[in-house]
Amino acid sequence: MSKIVSAVLLFVAIVMILLGALFVIAGGTDNMITGGVMILVAIILIFVSYRMEKIKAAQPKLINQTFNVKMEGSGQLTQKQLQCKSCGAPLSDKDLKVISGGIMVSCPYCGTKYALEEAPKW
Ligand SMILES: [Zn+2]
C-alpha cells in the first residue's frame, strides 16, 4: 500500500514539474508564478514521500534491535547458574520466589529455604 501511495505521489510530482516547466518556458509573470508554485509543490510531494519511506524503513529495524537486546538479556540470565547453598544443586527460576522485596530460594533437592543475597561485584 505504502509503495503504491509513494509511487502515485512521485508520478503526480513528476507531472507537476513537467507542467510547471512548461509554464515557466511559456513566459509571462503569471505563468512564471504558476509554474514556480507547481514545481515547489512537486518538490514538497517528493520530499514527503521520501520521508515517509525513510520512516517506514526505519521502524522495522528499531523493533529488531529491541528484540535482539531482549534475547541477549535472557541468554545472560540462563547462563548465570544458581546453586543451592547447602547441597550445591543447580537451581532454576521456579525455585526462586520474590517475598517482600527479597528473593527467597527453596531448594527442590534438599528442601533448604533461604534468602538470596546478591554477591558484591568488587
Ligand atoms: Zn539444596
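**A walk through the predicted model**

Okay, let's start at a turn: S100 has a positive phi near 45°, and this residue is in the hairpin of β3 and β4, where 2 residues lie between the strands. A word on names: helices are DSSP runs of H or I with at least four residues, strands are runs of E with at least two, and the numbering starts from the N terminus.

Some housekeeping. What you see is a predicted model, so local features need pLDDT of at least 70 and side-chain atom pairs count only at pLDDT 80 or more, while totals for chains, interfaces and linings use all residues. Residue numbers run from 1 along each chain as its sequence is written.

Now the overall layout. The protein has 2 helices and 5 strands, and if you read along the sequence you get α-α-β-β-β-β-β.

β3 and β4, the latter covering residues 102-106, pair in the antiparallel sense over 4 bridges; for two strands to count as paired, DSSP has to find at least two bridges between them. One of the links is I99 with G102, its bridge partner in β4. On to β5: this strand is joined to β4 by 4 bridges, and the two run antiparallel. V105 has Y114 as its bridge partner in β5, and for S106 the partner in β5 is K113. The hairpin of β4 and β5 has 6 residues between the strands, and in the turn G111 shows a positive phi of about 80°.

The largest nonpolar core is made of 6 residues: A13, M16, F23, M38, A42 and L45. A core here means buried Ala, Val, Leu, Ile, Met, Phe, Trp, Tyr and Cys residues joined through C-beta atoms within 7 Å. The elements giving two or more residues to this core are α1 (2-26) and α2. A residue is buried with 20 or more other C-beta atoms within 10 Å of its own, exposed with 12 or fewer, and partly exposed in between, with C-beta atoms placed from the backbone. Across the 122 residues of the protein, 7% are buried.

What does A42 touch, leaving aside its neighbours within four places in sequence? A42 is in contact with A13, M16, I17 and G20, where contact means C-beta atoms, placed from the backbone, within 7 Å.

I46 is in α2 too, the helix of residues 29-79. Beyond four places in sequence, I46 contacts L10 and A13. I46 and L10 are 36 residues apart along the chain, yet their C-alpha atoms are 5.9 Å apart. Is I46 buried or partly exposed? I46 counts as partly exposed because it has 18 C-beta neighbours inside 10 Å. Over in helix α1 we find A21, which is also partly exposed, because it has 14 such neighbours inside 10 Å.

Last topic, confidence. pLDDT is the predictor's confidence in each residue, from 0 to 100. The protein averages 76, and 76% of the residues score at least 70. The highest mean, 88, belongs to β2 (residues 90-91), and the lowest, 69, to α2.

Note on methods
Two residues are in contact if their C-beta atoms, placed from the backbone, lie within 7 Å.
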